[in-house]
Amino acid sequence: MKLAVAGKGGVGKTTLTAWLGDYLARQGRSPWLVDADTALSLGSALGLPAEALPTPLIRDEALIRERVGKGFINLNPDVSDLPDRLRVRLGDINLLVMGSVAGAGGGCACEANALLKSLLAHLLLDRDQCLLVDLEAGVEHLGRGTVAAVDGLIVTAEPSWRSLSVAGQVATMAAELGLTRQVLVLNRAQSPITLPALAGLPPLAAIIPPLSSLADRQLTSPSVLHLPQQDVVDRICRDILSALETRLAPEAEEGVQPPSPR
Ligand SMILES: Nc1ncnc2c1ncn2[C@@H]1O[C@H](COP(=O)(O)OP(=O)(O)OP(=O)(O)O)[C@@H](O)[C@H]1O
Ligand SMILES: [Mg+2]
């Protein structure tokens with residue numbers, strides 16, 4: 001399962017990616033977590049000290065030139081050694097800090113993009129393994145490359161019109177690019193909730209309540225793991241993954257309706 005986590009800024013994408021990674025690691029599934037955001041906050045959300053954060057791949061110009069070249073770029077570079085070389089291990093979690101193409105400096109965005117795409121595509125995993133990509137906020141970063149590299153999308157939103165509108169746009173764009181396996185996760189919301197009839201919203205898989213333990217923690221640490229409310233977090237992860245697994249199963253595909261295009 002290769003999943004991307006998308007949505008408006010600040011809705012909880014990084015928190016959810018870290019929770020899912022931690023949950024999957026405890027299930028023995030050695031997940032790969034990819035930080036594809038400019039802010040590079042996934043490592044610290046997982047509890048990695050700032051000094052242990054690697055240089056994001058997007059800023060490693062020497063590596064980008066070595067593999068992709070410059071000018072006439074190699075769109076199919078050999079990246080087979082890179083996952084092992086670049087990953088940071090946090091227990092059973094493998095973290096790859098890529099950064100966002102939108103944040104690529106200088107004139108090497110195309111080259112960096114080619115390397116990121118090849119690396120994501122290369123991470124073909126065993127059936128039991130998982131890849132989770134923490135995306136840059138908003139709609140415009142959801143490109144063909146990212147969509148082609150994953151087979152499921154977790155659209156995260158808060159219970160507000162603006163947040164849900166962005167969620168609907170993200171989901172619609174992904175569906176237009178062929179990524180129709182999607183679930184919606186509502187963060188900082190209370191159930192039951194009636195959602196507005198916005199185009200494109202995927203089926204709701206989980207509602208995350210405001211967590212007082214996380215709010216307290218964030219005053220002293222960026223880590224979002226090992227909260228006293230772990231049972232709540234685990235239930236949310238289970239609900240999301242089982243909703244996606246149902247939608248990913250080939251036999252479930254016939255009945256799955258892609259979100260209606262706008
Ligand atoms: N359910 C929750 N209860 C309390 N605090 C939360 C909850 N979800 C997220 N937070 C906190 O809200 C802040 C923003 O969350 P997070 O960084 O995961 O959002 P994001 O979507 O990744 O943001 P960005 O778009 O900037 O990357 C963090 O400090 C996080 O710990
Ligand atoms: Mg984030």
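Mentor: On a 1 Å grid over the protein atoms alone, a pocket is an open set of points with protein on both sides within 12 Å along at least five of seven lines. Please keep in mind that this model is predicted.

Trainee: Which molecule takes up the space of the largest pocket?

Mentor: A molecule sits in a pocket if more than half of its atoms lie within 2 Å of the pocket's grid points. The molecule that takes the space of the largest pocket is ligand 1.

Trainee: Which helix gives the most residues to the shell around ligand 1?

Mentor: There are 17 residues around the ligand, of which K13, T14, T15, N187 and R188 come nearest. With three residues, the helix that gives the most to this shell spans residues 13–26 and is α1.

Trainee: How much of the area that ligand 1 exposes when taken alone does the protein bury?

Mentor: An oxygen atom of ligand 1 lies 2.9 Å from a backbone N or O atom of G10, and an oxygen atom of the ligand is 2.5 Å from an N or O atom in the side chain of T15. For the side chain of R188, the distance from one of its N or O atoms to an oxygen atom of ligand 1 is 2.4 Å. Taken alone, the ligand exposes 640 Å², and the share of this that the protein buries is 79%.

Trainee: Is R188 buried, partly exposed or exposed?

Mentor: R188 is found in the loop between β7 and β8, and its phi is near 50 degrees, a positive value in a residue other than glycine. Most residues other than glycine have a negative phi. Because its relative accessibility is 46%, R188 counts as partly exposed.

Trainee: Which peptide bond is cis, with omega near 0 degrees?

Mentor: Most peptide bonds are trans. In the loop between β7 (182–187) and β8 (204–208) we find P192, and the cis bond is the one from S191 to P192.

Trainee: In the loop between α8 and α9, what is the relative accessible area of H226?

Mentor: S223 also lies in this loop, between α8 (212–217) and α9 (230–248), and S223 is buried, since its relative accessible area of 12% is under the 20% cut-off. A polar atom of the S223 side chain lies 3.2 Å from the backbone nitrogen of L225. H226, by contrast, has a positive phi of about 55 degrees although it is not a glycine, and H226 is exposed, with a relative accessible area of 60%.

Technical notes: Residues numbered from 1 in each chain as written. Chains lettered and ligands numbered in written order. Predicted model: local features only at pLDDT ≥ 70, side-chain atom pairs only at ≥ 80, totals over all residues. Heavy atoms only, no water. Near = heavy atom within 4 Å. Polar contact = N/O pair within 3.5 Å; in protein donor to acceptor, adjacent residues only side chain to side chain. Areas by Shrake-Rupley, 256 points an atom, 1.4 Å probe, with all protein chains shown as cover. 1 Å grid on protein atoms, 1.4 Å probe; cavity = no way out; pocket = protein on both sides within 12 Å on 5 of 7 lines; lining within 4 Å. Helix = DSSP H or I, 4+ residues; strand = E, 2+ residues; numbered from the N terminus. Buried < 20%, exposed > 50% of the residue type's maximum accessible area, 1.4 Å probe, protein only.
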